[in-house]
Amino acid sequence: MSDLAIRLVPDELWEIVGPLIPEFAPRRQGGGTAPVDDRMVFTAIVYVLTSGCAWRHLPAEFGVSVPTAHRRFAAWSGAGVWPRLRDAVLEEPGTRGQLEWAAAIVEAATARSAT
């Protein structure tokens with residue numbers, strides 16, 4: 001994992017986020033590639049949300065294709081991951097250091113999912 005990825009999603013934040021992520025369900029049509037690691041996808045989504053870049057400009061260094069990142073963002077938005085992330089960070093003792101960063105992620109996710 002790159003330094004940028006670790007700065008975007010530190011272990012402390014991932015410990016909170018990981019359990020909130022819905023389990024991967026393969027698409028019905030079959031085929032395709034193996035599922036991508038949820039942390040890699042979450043990190044790529046956080047990059048897009050917090051950098052303001054367009055989905056199509058997602059750097060390859062994240063190891064996640066643009067369609068995968070966008071599809072998971074839409075699925076996770078529909079599953080209510082972003083509000084649950086905000087609530088989990090607020091409820092978790094010792095996460096005050098992650099509070100501002102998580103709030104920025106949730107705010108950006110909410111704005112993007114509304115469009």
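User: Which residues does T43 touch, not counting residues up to four places away in sequence?

Analyst: This is a predicted model: local features need pLDDT of at least 70, side-chain atom pairs count only at pLDDT 80 or more, and totals for chains, interfaces and linings use all residues. Residues are numbered from 1 along each chain as its sequence is written, and side-chain values use heavy atoms, with hydrogens and water left out. A contact means heavy atoms within 4.5 Å. Leaving out residues up to four places away, T43 touches A5, L8, V9 and F62.

User: In which helix is T43 found?

Analyst: Helices (H or I, at least four residues) and strands (E, at least two) are DSSP runs, numbered from the N terminus. By that numbering, T43 belongs to helix 3.

User: Is T43 buried or exposed?

Analyst: Buried means under 20% relative accessible area, exposed means over 50%, and partly exposed lies in between (1.4 Å probe, protein chains only). T43 has a relative accessible area of 1%. So T43 is buried.

User: How far apart are the C-alpha atoms of T43 and F62?

Analyst: Along the chain, T43 and F62 are 19 residues apart. T43 also touches F62. The separation of their C-alpha atoms is 7.5 Å.

User: Which residues does Y47 touch, not counting residues up to four places away in sequence?

Analyst: Y47 is also part of helix 3. Its C-alpha is 9.2 Å from that of P59, 12 residues apart in sequence. With residues up to four places away left out, Y47 touches L4, L8, G52, C53, L58, P59 and F62.

User: At what angle do the axes of helix 3 and helix 4 cross?

Analyst: Axes are lines fitted to C-alpha atoms, for helices over the stretch in contact, and angles run from 0 to 180 degrees between N-to-C directions. Helix 3 covers residues 38–51 and helix 4 covers residues 66–78. Their axes come within 9 Å and cross at roughly 90°.

User: What word describes how helix 3 is placed against helix 4?

Analyst: Angles under 35 degrees count as roughly parallel, over 145 as roughly antiparallel, 65 to 115 as roughly perpendicular, and the rest as oblique. The crossing angle is roughly 90°. Therefore helix 3 is, relative to helix 4, roughly perpendicular.

User: Which residues of helix 4 make the contact with helix 3?

Analyst: Helix 3 brings D38, V41, F42, I45 and L49. Helix 4 brings T68, A69, R72, F73 and W76.

User: Is R72 buried or exposed?

Analyst: R72 lies in helix 4. Leaving aside neighbours within four places in sequence, it contacts F24, P35, V36, D38, V41 and I45. Its relative accessibility is 9%, so R72 counts as buried.

User: Which residues is L85 in contact with, leaving aside its neighbours within four places in sequence?

Analyst: L85 is one of the core residues with the most contacts inside the core. Beyond those neighbours, it is in contact with L13, I16, V17, L20, F42, I105 and V106.

User: Is A25 buried or exposed?

Analyst: A25 is in the loop between helix 2 and helix 3. Its relative accessibility is 55%, so A25 counts as exposed.

Notes:
A nonpolar core is a set of buried Ala, Val, Leu, Ile, Met, Phe, Trp, Tyr and Cys residues joined through side-chain atoms within 4.5 Å.
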